[in-house]
Amino acid sequence: MTTPHRTISTLSVTALAGAAHLCLSGAGALAASPQDERWDMLRDMYFSGRTVEEAGSLLTVEAPKRANDAAVVPIRIVTAPGNGVKVTAVHLIVDENPVPMAATFRFAHGDSPQAVDTRVRVNAYTNITAVAETGDGRLLRTTQFVKASGGCSAPALKNAQLAVARMGKMKLNLPDGIVAGKPLTAQLLISHPNYTGMQYDQLNYYFIPAHYVKTVAIRYNGAPVLDVQSDISLSEDPSIHFSLVPEEQGTLEVTAEDSNGRVFRESWPIRANSGS
């Protein structure tokens, strides 16, 4: 119903000021935050505007609230599929980075719980976003805010000659007491500078061209375990913790390719106790 003019005319100046304040406050409350606006852009960029739901307990991402080193920020992703839901992949996004999509992890066994740990560069205060893909085509999202900055331009820890000499060398860390049929967590380390294209050469002050690990394929006895597609946001010397269910005897094989087309391969025998 339209308010009579006489009622408005009788309002005091103080009341009008209060009403204006409430209107402005309400408008501010409805305005999208910078983080929400950034996410809307990223969703359209990476997921073509598809609906992305809140993940709830199906997906969690863990990260420090304030990082000790912006070039090496630890991230942990855990999936908890159930009730017929299968998590086939998780996209790890550092919202405010120059290349936000840090990595995509594709699981061979999406119907069982998966845990992946890695380390990323963080360029500015940002949400760390994990988006899971399910077997029925849904997208599920969770976030963690991290305070860190300057990680993408931070100088390499190794000198250039040492980085070249060790490039592509891999190490596999396994727990003690491996039991056949019981899940374990393994750590894969790949020696690589993972240059972002934003770092200076300290000798000539030119930018070092981007050069990073692009794909990692992990196989056990020839069967897929984990496939990773990554970009400049992964830290120097990429580290990936992943889940594996070993047999009594088996071989783990890893193939990695970098952005310059170099391919690196390594394999390790894994022997497990029978558990009987």
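Is F145 buried, partly exposed or exposed, and at what relative accessibility?

1. F145 is partly exposed, at 31% relative accessibility; the class lies between buried (under 20% relative accessible area) and exposed (over 50%), with a 1.4 Å probe and protein chains only. The model is predicted: local features need pLDDT of at least 70, side-chain atom pairs count only at pLDDT 80 or more, and totals for chains, interfaces and linings use all residues. Residues are numbered from 1 along each chain as its sequence is written, and side-chain values use heavy atoms, without hydrogens and water.

2. Three aromatic pairs are present (Phe, Tyr or six-membered Trp rings with centres within 6.5 Å; stacked under 30 degrees between planes, edge-to-face over 60, tilted for the rest). In one of them, Y125 and F145, the planes stand at 80° with centres 6.5 Å apart, so the pair is edge-to-face. Y125 sits in the loop between β6 (114-120) and β7 (126-134) and F145 in strand β8 (residues 139-146), so this contact ties together parts 20 residues apart in sequence. Strands are DSSP runs of E, at least two residues, numbered from the N terminus. Y125 is also partly exposed, at 44%.

3. Y200 and F207 have ring centres 4.7 Å apart and planes at 15°, so they are stacked. Y200 is partly exposed at 45% relative accessibility, and F207 belongs to the loop between β10 (184-190) and β11 (213-220).

4. R141 lies over the face of W39, 4.3 Å from the ring centre (the criterion is NZ of Lys or CZ of Arg within 6 Å of the centre and within 35 degrees of the ring normal).

Notes:
Helices (H or I, at least four residues) and strands (E, at least two) are DSSP runs, numbered from the N terminus.
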